[in-house]
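Student: I would like to learn how to read a structure like this one. Please show me one feature at a time.

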Amino acid sequence: MNVVVASQWQQLQEIVGEEVFLQLVHELDMCITQQVQALEQAQSAHDLIAVREAAHALKSATANLGMAQLSDLARQLEHAAHHGDTAGVEALMPGPMRQAAQAAQEVLKAALDPAHRVGERLVVSPPTAGGAGCGHNGV
């Protein structure tokens, strides 16, 4: 699965413009760091409610910017936490979640690099290995 849906990025970039798009990318990068840290803390505390809330915020923020892989993993984590599936949470945390977050952040950092732009347009060619503000207040 692609780390990012390039067509969604291109469409969003056309709608909001380059400057706003790059701000959204920057905010999503910070959001991913914040929510993965919150997930790790919640898992360490065995707090499934906090896991569910952080996973939901991460799922929403990454889906908004087409970060399909990370959004899907966050959805799975949210589902497991919602149903009290501790084993399901442990299967996704920290390894797979951290790996997907790192892959997403590599794409975001590349998007912020001027070398990946042609004129006013971002050239999106994400890797296939492996999604703003956070939650409801941001992207």
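Student: How many aromatic pairs does the structure hold?

Tutor: A pair of aromatic rings is described by the distance of the centres and the angle of the planes. This is a predicted model, and it holds one aromatic pair. The ring centres of tryptophan 9 and phenylalanine 21 lie 5.4 Å apart, and the planes stand at 75 degrees. Planes over 60 degrees apart count as edge-to-face, so this pair is edge-to-face.

Student: Where in the chain do tryptophan 9 and phenylalanine 21 lie?

Tutor: Tryptophan 9 belongs to helix 1 and phenylalanine 21 to helix 2. They are twelve residues apart, and the pair links distant parts of the chain.

Student: Which residues of the largest nonpolar core touch the most other members?

Tutor: The core has 36 residues, and those that touch the most other members are Trp9, Ile32, Leu39, Leu77 and Met97. Two or more residues each come from helix 1 (6-16), helix 2, helix 3, helix 4, helix 5 (86-92) and helix 6. Helix 2 gives the largest share, ten residues.

Student: How many salt bridges does a search of the whole structure find?

Tutor: To read one, look for a side-chain nitrogen of Lys or Arg within 4 Å of a carboxyl oxygen of Asp or Glu. The search finds four salt bridges. One of them joins the side chains of aspartate 29 and lysine 109, at 2.9 Å from N to O. Aspartate 29 is in helix 2 (residues 18-44) and lysine 109 in helix 6 (residues 95-112), 80 residues apart, so this pair links distant parts of the chain.

Student: Are aspartate 29 and lysine 109 buried or partly exposed?

Tutor: Aspartate 29 has a relative accessible area of 10%, so it is buried. Lysine 109, at 47%, counts as partly exposed.

Student: What distance separates N and O in the salt bridge of glutamate 78 and lysine 59?

Tutor: The distance is 2.8 Å, between the side chains of glutamate 78 and lysine 59. This pair also links distant parts of the chain: glutamate 78 is in helix 4 (residues 68-82), lysine 59 is in helix 3 (residues 48-64), and they are 19 residues apart. Glutamate 78 is buried, at 14% relative accessible area.

Student: Where do aspartate 72 and arginine 75 lie?

Tutor: Both lie in helix 4, three residues apart, which is about one turn of the helix. Aspartate 72 has 25% relative accessibility and counts as partly exposed. Arginine 75 is partly exposed as well, with 42%.

Student: What does serine 71 touch, leaving out residues up to four places away in sequence?

Tutor: Serine 71 touches Lys59, Thr62 and Ala63. Serine 71 sits in helix 4. Its relative accessible area is 8%, so serine 71 is buried.

Student: Helix 6 has 18 residues; what span should it have at 1.5 Å a residue?

Tutor: The count to multiply is one less than the number of residues. Helix 6 should therefore span 26 Å, and its end C-alpha atoms are 26 Å apart, which agrees.

Student: Which residues of helix 6 are buried?

Tutor: They are Met97, Ala100, Ala101, Ala103, Ala104, Gln105, Val107, Leu108 and Ala111.

Student: Where is the place of aspartate 85?

Tutor: Aspartate 85 is in the loop between helix 4 and helix 5. At 35% relative accessibility, aspartate 85 counts as partly exposed.

Student: How many helices and strands does the protein chain have?

Tutor: The protein chain has six helices and two strands. Read from the N terminus, the order is α-α-α-α-α-α-β-β. Of the 139 residues, 44% count as buried. The accessible surface comes to about 7000 Å², and 52% of that surface belongs to carbon and sulfur atoms.

Notes:
Residues are numbered from 1 along each chain as its sequence is written. This is a predicted model: local features need pLDDT of at least 70, side-chain atom pairs count only at pLDDT 80 or more; totals for chains, interfaces and linings use all residues. Side-chain values use heavy atoms; hydrogens and water are left out. Helices (H or I, at least four residues) and strands (E, at least two) are DSSP runs, numbered from the N terminus. Buried means under 20% relative accessible area, exposed over 50%, partly exposed in between (1.4 Å probe, protein chains only). A nonpolar core is a set of buried Ala, Val, Leu, Ile, Met, Phe, Trp, Tyr and Cys residues joined through side-chain atoms within 4.5 Å. Contact means heavy atoms within 4.5 Å. Rings of Phe, Tyr and Trp (its six-membered ring) pair if their centres lie within 6.5 Å; planes under 30 degrees apart count as stacked, over 60 as edge-to-face and the rest as tilted. Accessible areas come from the Shrake-Rupley method with a 1.4 Å probe; for residues, only the protein chains shown count as cover.
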